[in-house]
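Me: Could you help me learn to read the features of a structure? I'd like the general idea, then the case at hand.

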Amino acid sequence: MTQIEPSPEEYADLGRLLVARAIRQDHVTSIRRRIVVGTAGGILLVGAMGAAWVALANPALRTNAAYCHAEADPSSSFVGVGAPAAEAHDGTLLQRGVDPIELCAAVWSIGAVGPHATEPPVDGVTYGVPDLTACIRLDGIVAVFPNEERRPGEELCRELGLAPWHD
């Protein structure tokens with residue numbers, strides 16, 4: 001007659017196998033939980049930083065300054081330019097609404113941005129200024145990009161993930 005019931009050693013081996021599987025499953029579940037929590041925390045942190053960046057953008061930067069980019073790409077090199085705020089007789093600052101395209105055209109013409117940006121400006125030497133398009137960054141500051149293909153400004157801004165700027 002054959003014995004159907006496992007021996008004590010087989011019971012012990014089966015028990016060790018089940019415990020090992022349970023430990024592995026618990027480990028995998030723990031790792032998955034950590035990944036989900038870490039990812040959610042990272043997303044919240046990035047969102048909070050973006051909200052703080054938008055909230056902290058100085059109103060003077062929004063009306064008197066621009067980032068002049070060397071290429072039609074928000075990650076390209078740029079030069080930040082701004083017009084000074086004027087002070088009224090009572091000591092308050094007056095915000096001037098400046099044209100960001102004019103600001104950037106000025107820095108392009110002296111070679112501070114664009115293909116001549118590695119050279120120091122030379123007195124009396126001017127460079128060609130490409131067509132420029134102004135867009136609004138997420139922090140409310142205007143970014144100006146060369147628009148070599150002369151696309152409509154709204155189209156270029158939307159392609160860059162930005163809103164178009166209007167005077």
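Reply: Happy to! A nonpolar core is a set of buried Ala, Val, Leu, Ile, Met, Phe, Trp, Tyr and Cys residues joined through side-chain atoms within 4.5 Å. Keep in mind that this is a predicted model.

Me: How many residues does the largest nonpolar core have?

Reply: The largest core has 16 residues, and those with the most contacts inside it are Cys68, Cys104, Val113, Val142 and Val144. At least two core residues come from each of strand E1 (65-69), helix H3 (100-109), strand E5 (132-136) and strand E6 (142-146). H3 gives the largest share, 4 residues. Another core, of 7 residues, lies apart from it and includes Cys135, Leu156, Cys157 and Leu160.

Me: What does Val113 touch, leaving out residues up to four places away in sequence?

Reply: Val113 touches Cys68, His69, Ala70, Val79, Val107 and Trp108.

Me: Let's turn to H3. Which residues in H3 are buried?

Reply: Buried means under 20% relative accessible area. In H3 that covers Pro100, Leu103, Cys104, Val107, Trp108 and Ser109. At the N-terminal end, Asp99 caps H3, with a side-chain oxygen 3.0 Å from the backbone nitrogen of Ile101. Just after H3, Gly111 has a positive phi of about 85°.

Me: Where does Arg150 lie, and is Arg150 buried or exposed?

Reply: Arg150 sits in the loop between E6 and helix H4 (153-159). Exposed means over 50% relative accessible area, so Arg150, at 65% relative accessibility, counts as exposed. Its phi is near 55°, a positive value in a residue other than glycine.

How values were computed: Residues numbered from 1 in each chain as written. Predicted model: local features only at pLDDT ≥ 70, side-chain atom pairs only at ≥ 80, totals over all residues. Heavy atoms only, no water. Buried < 20%, exposed > 50% of the residue type's maximum accessible area, 1.4 Å probe, protein only. Contact = heavy atoms within 4.5 Å. Polar contact = N/O pair within 3.5 Å; in protein donor to acceptor, adjacent residues only side chain to side chain.
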